[in-house]
Amino acid sequence: MAERLFRRRKTHAVRCGDVIIGGGSPVSVQTMTKTDTRDVAATLAQVNQCAEAGADIVRVAVPDMDAVEALKKIKAGAKCPIVADIHFDYNLAVASMRAGADKVRVNPGNIGGRENLLKVAREAKERGAAIRVGVNSGSLEKDILEKYGGPEPEALVESARRSLEFLEDHGIGDLVISLKSSSVKATVKAYALMAGETRWPFHIGITEAGPGMGGVIKSAVGISSLLTLGLGDTVRVSLTGSPLEEVKVAREILQAAEAAVFGPEIISCPTCGRTQVNLIPVAEAVAERLKDMRAHLKVAIMGCPVNGPGEAREADVGVACGRDGGILFRHGKVLGRVPEAEIVDALVRLAREAAK
Ligand code: SF4
């Protein structure tokens, strides 16, 4: 059991613009704009803000043909690949790919039957675009819902299986699959069941995770559970909040799960009655001042001699605090004592030197 944990499931590589999903490539981060897609200026600005914040791929809703027209202009100015999110009308998917979308997300439960799905898939094949078959617990096919008595994990899997078999039988490839439920347990079970059935990469996330800390935690629990099982090739955190927050949270989850590295890892203690410096603002200031750094570096900020020297010695740079100051460490070696007021500057300087 233990040896199977964290071993990534082998998947086909699927191209989405200049990003490869699956095939052993790094887990990519996605988000979705929350502007009206028909407002080109606002949507393009949000797409590029997300790309600058670390989104590898951004999806936009395409609810009508005006949005398709806007998509052309958005695609022309976007700094990352663009996915068109389609529901109900397969014509919008076809038109979006003609407008330049690198990938379309379609929901087999509401695209109007297999023939429409096939029309989308044939267009995608001709244009070299990818398709995400995005099964969602809120929009499963009626007969599947009746068969399972509700949106059970097995029902999500059957919906995806049907579409995949149908598309594969027609020679269609470049597929990405998602099986999303707002329940963490149902989502994890669905992906785990599907994993043995296909080599197409998985887009993972917990749909409609909600606002604030609850949404962040629900997403973290679901996504990290999947990553622990080796499942997940591209990730989207769905928060009732800013897409920039979604990108930030997705990256934090990937880094915490050791599935990616985006910058330094801060190891700081929670503080307690033994702490004799004001450690919380020190840790916050160091994290803030190193947030532009991309190197993977462990920075330990510890409150007392209990665990301090051990953690600080194991980190690339660290401080083990005592009364009114702390002992600095770099790569396991003691550098000397620093007063409390100078800890932040000293750690930031050491971290930047260590990253060179
Ligand atoms: S390292 Fe020391 S100060 Fe920090 S939580 Fe542990 S015992 Fe408390």
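The model is predicted: local features need pLDDT of at least 70, side-chain atom pairs count only at pLDDT 80 or more, and totals for chains, interfaces and linings use all residues. Residues are numbered from 1 along each chain as its sequence is written. Helices (H or I, at least four residues) and strands (E, at least two) are DSSP runs, numbered from the N terminus.

**The chain as a whole**

- The chain holds 12 helices and 15 strands.
- Along the principal axes, its C-alpha atoms fill a box of roughly 70 × 45 × 30 Å.
- Of the 356 residues, 47% count as buried; here, buried means that 20 or more other C-beta atoms lie within 10 Å of a residue's own, exposed means 12 or fewer, and partly exposed is in between, with C-beta atoms placed from the backbone.
- Take the contacts between residues at least 6 apart in sequence: 63% of them join residues at least 24 apart. Two residues are in contact if their C-beta atoms, placed from the backbone, lie within 7 Å.

**Helix H4**

- H4 runs over residues 114–127, 14 residues in total, and reaches 20 Å from its first C-alpha to its last, close to the 20 Å expected at 1.5 Å a residue. The expected span is 1.5 Å times one less than the number of residues.
- Which residues of H4 are buried? They are Leu117, Val120, Ala121 and Ala124. These four sit on the same side of H4, because they cover an arc of only 100 degrees around the axis; the arc is that of the directions from the helix axis to the C-beta atoms.
- As background, an α-helix has 3.6 residues a turn, so residues three or four places apart point the same way.
- The face turned away from the buried side of H4 carries the exposed residues Glu115 and Glu126.
- The cover over the buried residues of H4 includes helix H3 (90–98), strand E6 (103–106), strand E7 (130–136) and helix H6 (153–169).

**Helix H2**

- H2 spans residues 65–77, has 13 residues and reaches 19 Å from first C-alpha to last, close to the 18 Å expected at 1.5 Å a residue.
- Its buried residues are Ala67, Val68, Ala70, Leu71, Ile74 and Lys75.
- Covering them are elements including helix H1 (40–53), strand E4 (57–61), strand E5 (82–85) and H3.

**Nonpolar cores**

- The largest nonpolar core has 81 residues, of which Leu71, Ala93, Val104 and Val120 touch the most other members. Such a core is a set of buried Ala, Val, Leu, Ile, Met, Phe, Trp, Tyr and Cys residues joined through C-beta atoms within 7 Å.
- H3 gives the largest share of this core, 6 residues.
- Leaving out residues up to four places away in sequence, Val104 touches Val83, Ala84, Ile86, Ala93, Ser96, Met97, Val120, Ala124, Ala129 and Ile131.
- Another core, of 26 residues, lies apart from the largest one, with Leu328, Ile343, Val344 and Leu347 among its members.

**Around the ligand**

- The ligand is surrounded by Cys269, Pro270, Thr271, Cys272, Arg274, Thr275, Met302, Gly303, Cys304, Val306, Asn307 and Gly308. A residue counts here if its C-beta atom, placed from the backbone, lies within 6 Å of the molecule.
- By class, this shell has 6 nonpolar, 5 polar and 1 charged residues. Ala, Val, Leu, Ile, Met, Phe, Trp, Tyr, Cys and Pro count as nonpolar, Asp, Glu, Lys and Arg as charged, and the others, Gly among them, as polar.

**Loop residues to look up**

- Asp174, in the loop between H6 and strand E8 (175–180), has a positive phi of about 50 degrees although it is not a glycine. Asp174 is buried, with 20 other C-beta atoms within 10 Å.
- His331 also is not a glycine, yet has a positive phi of about 45 degrees. Its place is the loop between strand E14 (325–330) and strand E15 (333–339), and His331 counts as partly exposed, with 13 C-beta neighbours inside 10 Å.
- Leu297 is in the loop between helix H10 (279–289) and strand E12 (298–302). Leu297 touches Pro264, Asp316, Ala351, Ala354 and Ala355, not counting residues up to four places away in sequence.
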